[in-house]
Amino acid sequence: MDDETLDFFTRLSSPIVRDDWKKSLNALFVLLRRKFVFDNLAIYLVEGTGSTPEVVYARAAGRGRNKEAEASWGEEIANQVISSGKVTEVTPVKKLSTDRTAMPHLLGLPLILPERRGALVFVRFGGPKFTPEQMPLATLAATHVANALEQNILRESLTQLEHARHRAQLQDDFIATISHELHSPLGFIKGYTTSLLRSDTTWDKATQQEFLAIIDEESDHLLTLIDHMLDSARLQSGNMSMDFQPVRLDSLLRDMVQRVHGRHEGLEIILNLASVPPIQADTVRLSQVFDNLFDNAIKYAPGSKITISLQVKDSWRIITFADMGPGIPPEHIPFLFERFYRVPGQFSKSGTGLGLFICKQIVHAHHGRISVKTAPGKGTAFRIELPLRPEIVE
Ligand code: ATP
Ligand code: MG
């Protein structure tokens with residue numbers, strides 16, 4: 001074996017470690033094609049007995065035919081290879097046509113995976129025939145393909161397991177959060193009501209007012225919590241209908257800021273609002289999104305100023321909502337918009353982890369997008385992109 005061939009085999013034998021198995025296979029076949037000519041290849045897999053093989057990967061290496069068409073003529077040989085478990089070759093009986101593509105030379109190799117069977121099919125249009133000397137190389141390629149597929153299957157199962165574990169953890173956290181969230185306002189309401197009702201004590205008017213104000217505030221808190229839970233359940237099941245009307249986002253944001261100022265006097269809010277033509281949106285639901293973002297900024301970035309900007313980019317309206325608070329550590333960002341997710345270690349701050357989930361669902365119902373940019377110590381900025389007309393977005 002010369003040095004070049006040795007190097008080639010070494011590279012071909014190096015383990016496939018990439019996360020993206022399709023990229024691994026692309027690299028493998030580019031390398032393989034230097035020594036083993038083929039026009040096209042397809043990988044078929046079958047799960048269980050009796051089902052039909054499915055193309056999981058196809059590559060057109062040359063001669064301009066599209067991948068799907070190539071993969072479909074490999075079906076018959078793939079079936080044969082899978083049922084026999086043997087290397088199979090099909091050559092055209094005789095020259096039938098001047099069109100090379102009508103005379104495919106096919107080589108099918110079995111793919112042995114622990115719980116699946118499959119076939120790797122190579123094609124040469126109009127020849128040349130596959131030779132016995134080329135078989136070890138084709139077999140080595142098939143072993144690599146089987147490894148890459150198996151690694152991918154294992155990786156997918158692992159991801160699914162992690163997601164299931166994460167969901168179970170969220171449910172557990174939710175039960176803990178929700179019991180705390182329901183308990184504490186109810187505890188206040190019950191405590192202050194019992195005090196007011198005591199027959200052995202008389203409360204002066206001012207104290208009565210104070211207790212009633214607490215009861216009122218805590219009842220509001222409970223109502224919001226229950227609304228949040230109902231909204232999130234309706235949004236999750238797709239049962240919340242949107243009432244799309246022309247909405248001027250600049251006016252809506254200005255009104256909201258006024259209302260928030262009414263409730264939080266010292267809050268510094270900077271507005272950079274372009275004057276934009278109306279968009280089709282549901283005012284009540286959009287206000288709910290902005291309310292949630294205000295609520296979060298006030299809760300998690302206390303004392304920080306809030307900057308809200310509105311811009312136009314093509315047929316999109318872009319709203320950014322930024323605070324200069326503590327920010328969010330990067331490991332939590334992928335989960336922020338999930339139901340019940342709260343960054344751990346802030347349980348002194350009340351919340352259910354539903355606010356951002358609701359925001360995301362409402363923005364999606366407008367065919368928009370919501371994302372976050374944040375870094376510890378650098379503040380948090382939410383970005384909402386809304387299309388001019390939700391119905392024209394694909
Ligand atoms: P809810 O909104 O249902 O009352 P919540 O505020 O905990 O509860 P979300 O609004 O979904 O839930 O927010 C999820 C988590 O994201 C919060 O618990 C908080 O940790 C983090 N977060 C959200 N906004 C900010 C922000 N502006 N700055 C820092 N952390 C934030
Ligand atoms: Mg919130």
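Predicted model: local features only at pLDDT ≥ 70, side-chain atom pairs only at ≥ 80, totals over all residues.
**Exercise 1. Where does ligand 1 sit, and what is the volume of that space?**

Solution. Ligand 1 takes up the space of the largest pocket. The volume of the largest pocket is about 1,500 Å³.

Next, look at the lining of the largest pocket. It is made up of 50 residues, and those nearest the centre are N292, D295, N296, K299 and S350. By type, the lining has 19 nonpolar, 16 polar and 15 charged residues.

Finally, ask which elements build the lining. At least two residues each come from α6 (205–236), α7 (249–263), α8, β10 (316–323), α9 and β12. The biggest contribution to the lining is that of α8, with 14 residues.

**Exercise 2. Find the residues around ligand 1 and say which come nearest.**

Solution. Count a residue as being around the ligand if one of its heavy atoms lies within 4 Å. There are 19 residues around ligand 1, and Y300, R342, Q346, T352 and L356 come nearest.

Now sort this shell by type: eight residues are nonpolar, eight are polar and three are charged.

**Exercise 3. Which side chains place a polar atom by a nitrogen or oxygen atom of ligand 1, and at what distances?**

Solution. Take the oxygen side of the ligand to begin with. An oxygen atom of ligand 1 is 2.5 Å from a polar side-chain atom of T352; T352 is also one of the residues that come nearest to the ligand.

Then turn to nitrogen. The side chain of D323 has an N or O atom 2.8 Å from a nitrogen atom of ligand 1. For T380, a polar side-chain atom is 3.4 Å from a nitrogen atom of the ligand.

On its own, ligand 1 exposes 590 Å², and 96% of that is buried by the protein.

To place the shell in the fold, note that two or more of its residues come from each of α8 (283–300), α9 (355–365) and β12 (379–387). The largest share, three residues, is that of α8.

Conventions. Residues numbered from 1 in each chain as written. Chains lettered and ligands numbered in written order. Heavy atoms only, no water. Polar contact = N/O pair within 3.5 Å; in protein donor to acceptor, adjacent residues only side chain to side chain. Areas by Shrake-Rupley, 256 points an atom, 1.4 Å probe, with all protein chains shown as cover. 1 Å grid on protein atoms, 1.4 Å probe; cavity = no way out; pocket = protein on both sides within 12 Å on 5 of 7 lines; lining within 4 Å. Sits in = over half its atoms within 2 Å of the grid points. Helix = DSSP H or I, 4+ residues; strand = E, 2+ residues; numbered from the N terminus. Nonpolar A, V, L, I, M, F, W, Y, C, P; charged D, E, K, R; others polar. Points joined across faces, edges and corners; volume = space filled by probe spheres on them.
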